[in-house]
Amino acid sequence: MQYTLKDLDIDDVGYVSSLIAGDDIRRRLLDMGLVEGTKVKCVLKSPAGDPVAYNIRGAVVAIRNEDSEKILLKLNM
Amino acid sequence: MGLTKNSTGIKSVDNGFVVTKNNETDKIVALAGNPNVGKSTVFNSLTGLKQHTGNWPGKTVTNAFGTCKYNEKDYILVDIPGTYSLMAHSKEEEVARDFICFGNADKVIVVCDATCLERNLNLVLQTTEIKNNVIVCVNLMDEAKRKGIEIDLDKLQSILGVPVVGTDASKGRGLTDLLDKIETINTNPFTVRYVKPIEEALNKITNMLKNKIEDTELNLRWIGLKLLDYDEELVSNISKYVGYDLDKDADFIRVRDNLAKKGYCGQKLTDAIVSCIVLTAEDICNETVVYSNTKYTKKDRKIDKILTSRITGIPVMLLLLGVVLWITIVGSNYISDYLSVALFWVEDMLVKFFVYINAPRTLYEVLVFGVYRVLAWVVSVMLPPMAIFFPLFTLLEDLGYLPRIAFNLDKSFRKCNACGKQALTMCMGFGCNAAGVVGCRIIDSPRERLIAMITNSFVPCNGRFPTLISIITMFLVCYVPDGLKSVSGAILLTLFILFGIMMTFFVSFILSKTVLKGEVSAFTLELPPYRKPKIGRIIVTSIIDRTLFVLGRAVAVAAPAGLIIWVLANVSVGGTSLLLYCSNFLDPFARLMGMDGVILFAFILGFPANEIVIPIIIMSYMSTGTLINITDLSVLRDLLVSNGWTWVTAISVMFFSLMHWPCSTTLMTIKKESGSIKWTVLSAVVPTLCGFAVCFLLNVVVTLLLIL
């Protein structure tokens, strides 16, 4: 099964395998350092369960579920 | 949330990116950096200016200027908006990039967050690519040390090939080192190496540029990169800057096409370029940063669990809002009492003085009962809530709470097809709607930005919420037992503000389904680490800054308004004063909304500044009746009641104050930010219609209930 960032539960860790997001979000995610192989950890869910915050390269960044499901993950390096 | 005298009101309007020097020898130094790395703190420490600082990304949205003298040399510092990248995805990134590329800065200091160096280096590498004038300032060294992060600054400097200075701007540490480095000349800055096909194309294009472009400060390699990863607007700007039309040159197009044949074009090319930069930053960090304590974020996550969890997130948010408002109401009652006694004592003295020097009666009546009295009202009723609200709000801001509000509320904004960052612009709106409108630049999508701009005035700004507080105190909690007055007042005010927030959601939703239809854009929001606020500094700067600002504005707007009111009230045509003519004209219409002509006229006169609405109402009533000395709100209440006010009038005025045309400064800012008359007019019409509708409905319902 293909995992996406959205599938991570709190404290789960994954590694970015590719971004299938469109231009707009893609660039933003790349700026945050989300390139292939980047380690991501799910750290916080908002009251509504969306958006969810992830630890990306030392910073905590909130991303909406509709965007995070466009980030494909590997669970191991 | 740039709420200072430099960022609110008319000065919030941005003025482009060419800085004028006072002297030929002056040096211009730009401060760049990721959002929320303490850039404004560095700026303030260097310049002694009170550029507002706060713990959330996107606080500085316009270029701020300041000067600094060091070793007999004058430096002009420019604080440019924080950005993650210079790829210009958003308006603030465009401002930052254009200033670095085409502004006349002699040096660019890239301020980095030591606790998150890797992501920050991404911007450093993008900046060193553009021009060879970069200094790296690694700020927040103390915080990093506490979190067990060790950075080898010497090694970082030797790798990057540009000066690297470690600082702790809030304590003033390292800043003289930083200033020393401004005079150094960079010799051999680091070059990001891209994957082979890109690197080959880049070398080819750079060599071509060497023959076509004469001496420029821009790195040719970077121009080459932008010609490959083509950005039409930027390339045409570069063409203008270097004086050579890059677009018309077929040589470049050939290289680009060649690269495309190898599979590197469009998105894939951009991805490859960004990936190379990110991975280079990672490599540099692996060599220079050591993490000795990996558990350092645990405490932050514990606080986050309380402030953003499913069960406690929203209740805690409401509670905090309520508590802030409660302290504001209680505190301002005390200050108001003292101030009004003092100010009306001064009024008596002024009258006595004028009588003593035998000044003509009309003259001193104009000055004292016109100009002075409106001023006194603005100061005694409007100032105290602001002076208390601001330090409290700044406290939450410095702690890093505001981005959590956006995090909590994003889902609701998403349902309205809007952006969660709108919550941040609304927070700014509490201070000043004009500042809130400028703050909308943190929203990338133009459609969502317009929604945020048009609905910003549904948040009561500092000019309006003292109006709400005084009316609540006079009319809504007057029958409550003394001990419960302030608590019930705070609850009512919170409910009122929540109503404004509901209207924001409602109108945002309607806008996104009608005139501003479109897809929701992607959303990323950084949640910064919690930081200990510097309480002493908050109190001093927000009180002094706010007090001076409000006093200045009171003089500028309230004084002439007082003059106009006095003249209108005292110049009669055919036995009726001009004021009466105006208010009688408006009266039938105002009655539909449960108000009277005087009130509506005051709202119209209050167009330049909402602070003066209540003072004008009082002035108008007093000018038609007997003059009384008003020392506290209960006397004021009697005055209003004797002019026909009931609780229905009070609530109607509150609703209308919450929802009517934004003040002139806000509208001017919307015009400037949206560049369109259409959206400006809509921003005035939408809240006004909402106000009309709500007040009208309220009065129909109340009238029906009374008949039944």
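Leu140(B) is buried, with 27 other C-beta atoms within 10 Å. Here a residue is called buried if 20 or more other C-beta atoms lie within 10 Å of its own, exposed if 12 or fewer, and partly exposed in between, the C-beta atoms being placed from the backbone. The model is predicted, and local features need pLDDT of at least 70, side-chain atom pairs count only at pLDDT 80 or more, and totals for chains, interfaces and linings use all residues. Residues are numbered from 1 along each chain as its sequence is written, while chains are lettered from A and ligands numbered from 1 in the order in which they are written.

Leu140(B) sits in the loop between strand E5 (134-139) and helix H4 (141-146) of chain B. Helices (H or I, at least four residues) and strands (E, at least two) are DSSP runs, numbered from the N terminus. Apart from neighbours within four places in sequence, the contacts of Leu140(B) are Gly38(B), Asp113(B), Ala114(B), Thr115(B) and Asp168(B). Two residues are in contact if their C-beta atoms, placed from the backbone, lie within 7 Å. Ser170(B) is 30 residues away from Leu140(B) along the chain, and the C-alpha atoms of the two are separated by 8.4 Å.

Helix H7 of chain B covers residues 196-212. At 1.5 Å a residue, its 17 residues should span 24 Å, and the end C-alpha atoms are 25 Å apart, which agrees; the expected span is 1.5 Å times one less than the number of residues. Ile198(B), Ala201(B), Leu202(B), Ile205(B) and Leu209(B) are the buried residues of H7(B). Seen down the axis of H7(B), these residues fall within an arc of 100°, so they line one face of the helix. The arc is that of the directions from the helix axis to the C-beta atoms. Lys196(B), Asn207(B), Lys210(B) and Asn211(B), on the other side of H7(B), are exposed.

The angle between H7(B) and H8(B) is about 120°, and their axes are 8 Å apart. Axes are lines fitted to C-alpha atoms, for helices over the stretch in contact, and angles run from 0 to 180 degrees between N-to-C directions. H7(B) and H8(B) are therefore oblique to each other, given that angles under 35 degrees count as roughly parallel, over 145 as roughly antiparallel, 65 to 115 as roughly perpendicular and the rest as oblique. The crossing of H7(B) and H8(B) is right-handed. A crossing is left-handed if the near helix is turned anticlockwise from the far one by less than a right angle, and right-handed if clockwise. Residues of H7(B) that meet H8(B) include Ala201(B), Leu202(B), Ile205(B) and Leu209(B); among those they meet in H8(B) are Leu220(B), Ile223(B) and Leu227(B).

H11(B) also packs with helix H5 (residues 153-160) of chain B, the axes coming within 9 Å and crossing at roughly 145°. This crossing of H5(B) and H11(B) is right-handed. Lys155(B), Leu156(B) and Ile159(B) of H5(B) meet Ile284(B), Glu287(B) and Thr288(B) of H11(B).

In helix H27 (residues 664-674) of chain B, the buried residues are Thr665(B), Thr666(B), Leu667(B), Thr669(B), Ile670(B), Glu673(B) and Ser674(B). They pack against helices H17 (433-439), H18 (446-455) and H28 (677-707) of chain B. H27(B) and H28(B) pack at an angle of about 145°, with axes 8 Å apart, in a right-handed crossing. Just after H27(B), Gly675(B) has a positive phi of about 65°.

Most residues other than glycine have a negative phi, and most peptide bonds are trans. Glu72(B), not a glycine, has a positive phi of about 65° and lies in the loop between strands E2 (64-70) and E3 (73-79) of chain B. Glu72(B) is exposed, with 6 other C-beta atoms within 10 Å. Asn358(B) has a phi near 60° and is found in the loop between helices H13 (313-356) and H14 (361-399) of chain B. Asn358(B) is exposed, with 7 C-beta neighbours inside 10 Å. In chain A, the peptide bond from Asp50(A) to Pro51(A) is cis, with omega near 0°. Pro51(A) belongs to the loop between strands E3 (39-45) and E4 (52-56) of chain A.

The contact between the chains takes 28 residues from chain A and 33 residues from chain B. On the side of chain A that touches chain B, two or more residues each come from helix H1 (23-31), E3 and strand E5 (59-63) of chain A. H1(A) gives the largest share of that side, seven residues.
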